[in-house]
Amino acid sequence: MTTTTDTHCPYCSLQCGMRVATSGGVGTTIAERPAFPVNRGALCGKGQSAAALLDGPGRLTTPLVRDRGSLRAAGWDEALDRAARGLSAIRSAHGADAVGVFGGGGLTNEKAYQLGKFARVALGTANIDYNGRFCMSSAAAASRNAFGLDRGLPFPLEDIPHTDCLILVGGNPADTMPPALRYFRELRENGGLLIVVDPRRTRTAELADIHLQPLPGSDLALALGLLHLLIADGMVDQDFVDTRTTGFDRARAAAMAHWPERVERLTGIPVNRLRSVAHHFGRAGTGMVLTARGPEQQSKGTATVGAWIDVCLASGKAGRPYSGYGCLTGQGNGQGGREHGQKADQLPGYRSIEDPAAREHVARVWGVDPETLPRSGRSAYELLDSLGGPAPGGVRGLLLMGSNPVVSAPNAGHVTDRLRSLDLLVVSDLVLSETAQLADVVLPSAQWAEETGTMTNLEGRVILRRRALDPPDGVRTDLTLLRQLAERLGVTRGFDDDPETVFAELRRASSGGQADYAGISYERIRAGDGVFWPCPAEDHPGTPRLFLDTFATPDGRARFTGPGHRPAAEEPDDAYPLHLTTGRVLSQYQSGAQTRRVGALNAAAPGPFVELHPLLAGRLAVREGDLLAVTSRRGRAVAPARITDGIRPDTVFMPFHWPGAGRANTLTNPALDPTSRMPEFKICAVRVEAAGAAGRVEPDAERHG
């Protein structure tokens with residue numbers, strides 16, 4: 001007998017609809033779900049192979065505890081008791097903030113919410129953050145600055161084909177979210193213009209009408225130069241600026257300091273191409289700017305995104321149909337994960353933890369005294385940097401759920417050392433990731449098709465992942481883990497492990513906040529294709545399109561920010577003469593903890609590489625497949641050469657999905673954006689040289705533009 005369940009993909013922020021079929025004799029298979037509007041049945045290779053995650057190699061099915069230096073199998077009571085005793089002992093000896101929690105952007109809304117509550121109520125610590133800080137935090141901060149509210153896209157994906165001109169900055173959806181590419185193709189088929197800004201000629205850039213290849217780290221200067229041309233050439237929508245915005249004089253002053261010839265020197269983009277892009281966008285009837293990690297993962301990411309938003313505002317392309325700024329959120333629940341309490345400064349509903357009214361509201365829902373709630377804690381990298389207590393007030397015990405910072409964190413060698421220095425590391429994961437291998441206690445958790453929970457995709461659409469099969473014997477859900485840990489810490493109420501019950505509490509906690517889910521229920525989601533937040537009441541239809549009447553600022557007007565250009569935190573010099581930029585490839589995902597265990601995906605992209613221009617390869621006297629050593633001020637990585645004229649001669653690229661000698665994040669710079677606390681993943685200075693006698697490696701099967 002075969003049972004089918006309509007659910008969603010375990011990977012990116014599209015949250016593509018899919019159908020999971022289970023059969024006692026055949027196993028689990030994935031089928032298309034054409035009726036779901038986001039992907040209309042299309043699935044990428046990762047989605048098509050998602051069933052392999054459920055019984056693939058390396059699946060954890062029993063808790064592990066460290067004994068005499070090695071991990072061994074243990075029963076649940078032993079593992080949970082050890083974790084709870086260790087956390088309690090550290091709190092008693094060093095205070096509540098000596099324990100920390102690190103979450104993930106792939107956790108369901110219910111788990112993200114409960115994890116934040118666990119940190120503040122069961123542990124009493126301020127130190128909770130999550131790996132989503134490394135993804136969308138700069139775009140989130142810029143959106144809140146400009147619009148008063150952060151939602152990845154203020155419009156549904158279906159609006160993209162109907163805009164006249166779209167600028168995509170630092171994103172490669174052809175590799176990172178392939179089913180979304182149809183929207184960009186349809187835009188061009190409808191007569192719209194697609195402009196892609198990327199230092200590499202990616203598969204997405206090959207689709208574009210215009211491709212700009214700026215110097216890494218110069219996206220801010222590029223936006224300011226375009227704004228200068230909009231102003232100088234008479235393309236400002238003055239009526240929109242006067243009636244729906246504030247702060248234009250500040251933005252104009254910043255833009256006027258970035259005349260075209262200066263911007264050409266900063267970006268490498270010729271003046272005539274700058275003018276062409278400005279005129280196409282400025283004169284279009286409707287237009288959108290979408291950013292991704294390229295401009296966001298910078299030490300000036302908030303300012304950079306703010307400058308691109310200024311381009312939209314000056315040209316009147318925001319708060320109107322088929323126009324606006326949006327962020328292509330990366331992780332599966334990167335949107336929902338940053339709304340309900342996983343961030344160091346946040347309470348559910350996108351409330352500030354420093355706001356007395358927010359503290360009062362959430363404390364009432366949780367049944368605690370608001371005075372007992374901690375204040376803001378450390379951001380993600382600052383939390384990881386504090387591990388082991390090298391500085392006063394450092395974190396000595398850590399509960400980590402749904403993340404693999406040994407591979408994914410910047411300056412990863414240093415972060416690995418800090419994880420090793422902890423008095424206690426407790427990891428919940430479905431596989432023995434590189435981070436779990438360092439743990440004192442490992443708790444095996446259920447995964448996407450084995451549990452029910454909501455996700456919020458990049459559109460702000462709240463959808464329901466449905467449980468399609470039981471987890472393996474010996475595996476428990478993260479909600480159950482949190483309940484059982486809380487009980488052992490003396491908190492016997494308030495941590496239910498039924499996801500629908502947890503979501504009902506989340507609705508109450510978010511009610512009245514910016515990310516208001518009060519009117520969203522499992523029943524409503526099941527009855528349709530998800531519900532867009534904000535949705536403050538059960539009779540409210542949800543909000544697919546934001547800002548059409550007013551912005552979410554106190555006066556209802558969008559705010560120009562007017563930042564000035566500044567260089568990257570680390571520029572090339574004689575010792576490190578090249579730029580390194582990092583990113584993803586088609587057949588892997590994030591730290592690779594899941595995808596590296598799927599045979600078909602691993603065969604397509606089996607290992608790291610260094611992408612470089614033929615001119616640079618010639619200067620280094622290297623051939624395709626030769627091993628290269630890439631060195632930054634933080635460490636050294638070795639991987640085979642991938643030679644292509646699709647990258648700038650002054651830049652090399654490495655994907656970040658692998659551990660070991662080819663770990664790209666050994667090299668990356670943890671310099672932080674002052675507002676978002678985003679590390680500068682996208683730019684650092686490196687030198688590249690032949691790795692010597694190590695020899696050659698045959699090129700990988702999968703090539704990337």
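**Close-up 1. E570 and R634 form a salt bridge, with the closest N and O atoms 2.9 Å apart.** A salt bridge here is a side-chain nitrogen of Lys or Arg within 4 Å of a carboxyl oxygen of Asp or Glu. E570 sits in the loop between β22 (558-559) and β23 (578-583), and R634 in the loop between β25 (627-632) and β26 (635-643), 64 residues apart. Helices (H or I, at least four residues) and strands (E, at least two) are DSSP runs, numbered from the N terminus. E570 is buried at 8% relative accessible area, whereas R634 is partly exposed at 21%. Buried means under 20% relative accessible area, exposed over 50%, and partly exposed in between (1.4 Å probe, protein chains only). A network of salt bridges links E570, D573, R633 and R634.

The model is predicted: local features need pLDDT of at least 70, side-chain atom pairs count only at pLDDT 80 or more, and totals for chains, interfaces and linings use all residues. Residues are numbered from 1 along each chain as its sequence is written, and side-chain values use heavy atoms, leaving out hydrogens and water.

**Close-up 2. K111 and E451 meet through their side chains in a salt bridge (2.7 Å, N to O).** The pair links distant parts of the chain, 340 residues apart. K111 belongs to helix α3 (residues 109-123), and E451 to the loop between β18 (441-444) and β19 (453-456). Both K111 and E451 are buried. The whole structure holds 41 salt bridges.

**Close-up 3. D175 and R203 pair in a salt bridge at 3.1 Å, N to O.** D175 is in helix α5 (residues 173-176) and R203 in helix α7 (residues 203-207), so the bridge ties together parts 28 residues apart in sequence. D175 is buried, at 2% relative accessibility. R203 is partly exposed, at 29%.

**Close-up 4. F147, F547 and F551 are linked into a cluster by ring pairs.** Rings of Phe, Tyr and Trp (its six-membered ring) pair if their centres lie within 6.5 Å; planes under 30 degrees apart count as stacked, over 60 as edge-to-face and the rest as tilted. The structure has 11 aromatic pairs by this rule. F118 and F495 are another pair: their ring centres are 6.1 Å apart and their planes at 80 degrees, so they are edge-to-face. F118 lies in helix α3 and F495 in the loop between α19 (478-488) and α20 (499-510), 377 residues apart. Both F118 and F495 are buried. The F147 and F551 rings are stacked, with centres 5.7 Å apart and planes at 15 degrees.
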